[in-house]
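The sequence and structure are shown first.

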Amino acid sequence: MPDTPAAPVARPTPTASGALSAEDGKLVVLARGARARVGAVEGAAVRDQDGRTYAAASVALPSLTLTALQLAVASAVAAGASRLEAAVVVTEASTLDGAGHAAVRDLAADAPVHVAAPDGTVLGTVTQ
């Protein structure tokens with residue numbers, strides 16, 4: 001997804017292999033599934049304060065463009081979430097898009113956002 005000038009990309013800090021919790025590992029599986037199901041550019045999943053999860057794929061229509069992370073956050077908010085515990089983006093990019101990052105930060109200043117490759121390998125984590 002193209003980045004907007006108002007939303008710079010975030011570079012993830014490399015994560016040690018196997019460093020994800022089991023719950024965050026589930027988010028990787030959900031995000032990969034959302035991406036693969038529709039052949040999207042990226043997939044994402046988030047977990048809210050109650051442990052509920054929401055997965056989404058990127059949307060690119062003539063009248064609407066959303067990153068997968070924006071849509072996953074929007075789905076969580078529409079279901080009543082007020083805080084996020086963690087997020088995952090599965091993408092071929094090596095950075096986290098600024099718009100998705102900003103959407104997560106709207107609900108949680110400290111939630112980790114893990115960036116994973118399409119094969120599920122976690123490339124790194126954005127914590128700021």
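**Overall architecture**

Of the 128 residues in the protein chain, 46% count as buried. The model is predicted. Its secondary structure comprises three helices and seven strands, and these follow the pattern α-β-β-β-β-α-β-α-β-β along the sequence.

- Among contacts between residues at least 6 apart in sequence, 63% join residues at least 24 apart.
- The protein chain exposes about 6300 Å², of which carbon and sulfur atoms supply 57%.

**Helix H2**

- Helix H2 spans residues 68-78, and its buried residues are Ala68, Leu69, Ala72, Val73 and Ala76.
- These residues lie on the same side of H2, because they cover an arc of only 130° around the axis.
- In an α-helix there are 3.6 residues a turn, so residues three or four places apart point the same way.
- The buried residues of H2 pack against strands E1 (43-48), E2 (53-57), E4 (65-66), E5 (84-90) and E6 (113-116), as well as against helix H3 (98-107).
- Glycine 80 follows H2 and has a positive phi, near 105°.

**Threonine 91**

- Threonine 91 is located in the loop between E5 and H3.
- Threonine 91 counts as buried because its relative accessibility is 5%, and buried means under 20%.
- The threonine 91 side chain reaches the backbone nitrogen of alanine 93 at 3.1 Å.
- Leaving aside residues up to four places away in sequence, threonine 91 touches Val41, Glu42, Val115, Ala116, Ala117 and Pro118.

Notes:
Residues are numbered from 1 along each chain as its sequence is written. This is a predicted model: local features need pLDDT of at least 70, side-chain atom pairs count only at pLDDT 80 or more; totals for chains, interfaces and linings use all residues. Side-chain values use heavy atoms; hydrogens and water are left out. Buried means under 20% relative accessible area, exposed over 50%, partly exposed in between (1.4 Å probe, protein chains only). Helices (H or I, at least four residues) and strands (E, at least two) are DSSP runs, numbered from the N terminus. The arc is that of the directions from the helix axis to the C-beta atoms. Contact means heavy atoms within 4.5 Å. Accessible areas come from the Shrake-Rupley method with a 1.4 Å probe; for residues, only the protein chains shown count as cover. A polar contact is a pair of N or O atoms within 3.5 Å; within protein, one must be able to donate a hydrogen and the other to accept it, and residues adjacent in sequence count only if both atoms are side-chain atoms.
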